[in-house]
Amino acid sequence: ALMLILTVFGLVPAVAVLVVSFTDLRGLPYLPVNWVGIDNYVSFFSPAKWSDSLNALRNTLVFAIVSTVIQIVLALGIAILLNRPLRGRNFYRAVVFMPTVLGVTVTGLVWSLMFNVTGGPAASILSLFGKQSAFFGDPKIALALVIVVQIWMVVGISVIIFLSGLQAIPEDLYEAGAIDGASGWQRFRFITIPMLAPSITANVLLGIVNALQSYQLTYVLTGPNNKSTQVLSLLVYVQGFGGASGTTLSQSQGYAAAISMVQFAIVGIVSLLALWYLRKREAKL
């Protein structure tokens, strides 16, 4: 029964998208659907569209790598802090996890207000120094700001995973290390990190896959046509459901399916490489 459910809801849609990527499906009724072979893939890598494709690829990799690395480091630091016997520890844990349950729309609204160019808190602080910025409208910093919001929104999940790993480490190991004269850094390096290796692997994979597939936050904060923040998943949405100038539903669903297959290949390759490397590191630790 589980295999049947997995096949119906997982494999069948994936195969359907692959098939659609070889057609000129336009998503409107009564229009003929023609088999075009690899034309959609050729178009993605063609000189006419390569600048947009390369821009989306670059933004996707930067977004995924930077957000995942910072998220892991920040989450580990917060988890170690919250694992200590602090007063109000459960409250702080709830505060850290809260952004995770707010949802993309609420998160986008909150940060859009924070970085509102006409009277938002960030604009008011900059004005004190005689500066101003378009924030999400500035192509130089828009992607960095989206990464900051992404980290704020998802770091709570990583913190919870790290906390679970930290609480599973026997206290005897730290006591034995202290007796042997190990410093705080040495206990962290040779006890905490090796024991947290499975948690680190889980967090890295979750972070990479989530970042590579995420488009909702970018769409809400910067819109569909901002080239400085357009990632592959957003390009799929724009081509498949409209939003970009000169692009309508009747033009692009087959092409969108081809882009999604390119994205699927990238997610798979990056995830497998990350898993291979992290498992190798786990064995060494």
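I'm counting a contact as heavy atoms within 4.5 Å. The model I have open is a predicted one.

**N226.** I looked up N226 and found it in the loop between α11 (216-222) and α12 (232-241). Setting aside neighbours within four places in sequence, I get F136 and A142 as its contacts. A polar atom of the N226 side chain lies 3.3 Å from the backbone oxygen of F136. Buried or exposed? N226 has a relative accessible area of 16%, and the cut-off for buried is under 20%, so I put N226 down as buried.

**T68.** Next I went to helix α3 (residues 47-82), where T68 sits. T68 is at 5% relative accessibility, so I call T68 buried too. Beyond four places in sequence, T68 touches V204, G207, I208 and A211.

**Aromatics.** I found twelve aromatic pairs in the structure. F44 is buried at 1% relative accessibility, while F45 is partly exposed at 47%.

I also checked F115 and F135: their ring centres are 5.1 Å apart and the planes are at 55°, so I noted this pair as tilted. The pair links distant parts of the chain, 20 residues apart. F115 is in the loop between α5 (104-114) and α6 (121-128), and F135 in the loop between α6 and α7 (142-167). One aromatic cluster takes in W111, F115, F135, F136 and W152.

**Charges over rings.** I see K49 over the face of Y255, 4.0 Å from the ring centre. R189 lies over the face of F190, at 5.1 Å from the ring centre.

Methods:
Residues are numbered from 1 along each chain as its sequence is written. This is a predicted model: local features need pLDDT of at least 70, side-chain atom pairs count only at pLDDT 80 or more; totals for chains, interfaces and linings use all residues. Side-chain values use heavy atoms; hydrogens and water are left out. Helices (H or I, at least four residues) and strands (E, at least two) are DSSP runs, numbered from the N terminus. Buried means under 20% relative accessible area, exposed over 50%, partly exposed in between (1.4 Å probe, protein chains only). A polar contact is a pair of N or O atoms within 3.5 Å; within protein, one must be able to donate a hydrogen and the other to accept it, and residues adjacent in sequence count only if both atoms are side-chain atoms. Rings of Phe, Tyr and Trp (its six-membered ring) pair if their centres lie within 6.5 Å; planes under 30 degrees apart count as stacked, over 60 as edge-to-face and the rest as tilted. A charge sits over a ring if NZ of Lys or CZ of Arg is within 6 Å of the ring centre and within 35 degrees of the ring normal.
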